[in-house]
Amino acid sequence: MAGTTHPLPRLTRRGLLAAAGLGSAALLSHRSLAQAMTDLALPGGPGERALTTAFPQKGQMILQRTRPPLLETPWEVFDKGVFTPNDQFYVRWHWAVIPTEVDVATFRLKVHGHVSRPLSLTLNDILHGFPRVEMAAVNQCSGNSRGFFQPRVAGGQWANGAMGNALWTGVRLKDVLDRAGIRAGALQVRMRGLDEPVVDEAPAFLKSLAIDHARDGEVMIAFAMNSEQLPLLNGFPLRLVVPGWYSTYWTKMLSDIEVLDRPDGNFWMAKAYTIPDTPHADMRPGQAGVKMVPINRMVPRSFVTNLRSGMTVPVGQPAALRGIAFGGDTSVAAVELSVDDGRTWRPAQLGRDAGKYGFRQWHASFTPAARGRIGVKVRCRNGNDEVQPDTANWNPGGFMRNVVETIDVAAV
C-alpha cells in the first residue's frame, strides 16, 4: 500500500431521487427495468435475467433483485481490463432501507467503544487528517457463483459476476483506531453502515474483524475507487476495504466503528455467513454435526474471458485465449491452461502485476488440430501454493466456490 498522487475526489451533496434514482427504481416494475435479457446458463435454471440501466450511476447491469438492489456485472466487462469500471461494478445490499441522499456537511464517522478518545470524524477529517493510501483489491461477494451449486441452495443466484477489482483510495483503519487510542483488552472492531433493516426486529448489519487484523495496516477506509468518488450504490461516502477477504466485511456507507472487549456474537457473525471448517468449505448436503466458522479469506480463482461455451474456433489456426485470475488472500503465482479436459497443462503468460490482491490478466493461444469439441480449463496457483480444486465444493450457504472452470468450444 503506497501514498497516492491522484487528485482528491470532488465530494458533493448526493441527491438521487430522480426518475432513474434508487428510490424510484426500486418501485418500478420488473418489465420497466429491463431493456434486454441475458441467459446466465445456470444448471438449476432459469438463468434468464434482465439487463438494466435504471439504477443511479450505473451502466448496463444484470438485474438479480430490485429491493434491496442486487446487480451483477455482465461477463464481457471482465475482458476489458483488470479494473472493473465503477458504473458496472456489481452491487450487493442486505437491507432495503438504503439512504438515497448523504449530506457530506453533516455526515460523521463515529469511533467509540473500548477506546481512550472517542471520535466523531467529518469527511474533511478523513480526507485531510490522515495519510492517504491506495491499493488494488478484488471485492467478491461470498456467494459469487452460487447459481452453479448443485443441489441448489437459497440466496441470490449469481453467476460469476458478483465480483470486481478496483483501485481503492482512502486511509488506513489502523491510523484512525490509533488516534482513538485502543485500550488494553480490545478484541474486535465492529463496523456498521447507514443501511437499516426493514423491520425493527431484524438485526442491524454488523461485521467485525479481530483487533490485529483491523490494525494490520492494509485494511482501509476508502472514499474513492478507480480515482473517482464512490458511487452511492457501492458505499458512498465511505466504505471499508478488507483486502483478501470476502465482501461481507467490506461495510458500505461506513458510519460507525466500535472497538469491543468481547467476542462479537451478533447474528451476522455468529449465524449468518458461516462456512464448514473443512478443506474448501465443503460438506455433503444434509450432513449434520459439521463445525461452522465465520467466512473469512478468499481463495484463488481464474477465468477465461474472451471465449464462452458454445463458441467456435477455426481448425489449424491459432486461437487466442485470455482471462483474469486472482490469488484470494495473496498474489497470483501462476496460471495454467488445459485444452484437453485437464489431461495435460501448460503455463499461461501473466500480464502486469497491479498488486497482490487484484486481478491479474493472463493470455495464451492454442491451435486446434481437428474438428470437434474442446474442453478448455484454467486454474490459478497463488503465492501460498494453493491451487483451485478440480471438484466443486458444496455448503448450505452457497459460499466460496472456486472450482477449476471449464468452457466447451467447438473447432470447425
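I take helices (H or I, at least four residues) and strands (E, at least two) as DSSP runs numbered from the N terminus. The model is predicted, with local features needing pLDDT of at least 70 and side-chain atom pairs counted only at pLDDT 80 or more, while totals for chains, interfaces and linings use all residues. Residues are numbered from 1 along each chain as its sequence is written, and side-chain values use heavy atoms, leaving out hydrogens and water.

**Entry: P68.** I located P68 in the loop between β4 (61-65) and β5 (70-72). I noted P68 as buried because its relative accessibility is 8%, buried meaning under 20% relative accessible area with a 1.4 Å probe and protein chains only. Setting aside neighbours within four places in sequence, I found P68 in contact (heavy atoms within 4.5 Å) with W93, H94, W95 and A96. I also looked up V91, 23 residues from P68 along the chain, and its C-alpha atom is 9.6 Å from that of P68.

Entry: For residues 296-404 I read 0% helix and 39% strand, with the end C-alpha atoms 21 Å apart.

**Entry: K377.** I found K377 in strand β27 (residues 372-382). Beyond neighbours within four places in sequence, the contacts of K377 include E336, W345, V404 and T406.

Definitions and conventions: Buried means under 20% relative accessible area, exposed over 50%, partly exposed in between (1.4 Å probe, protein chains only).
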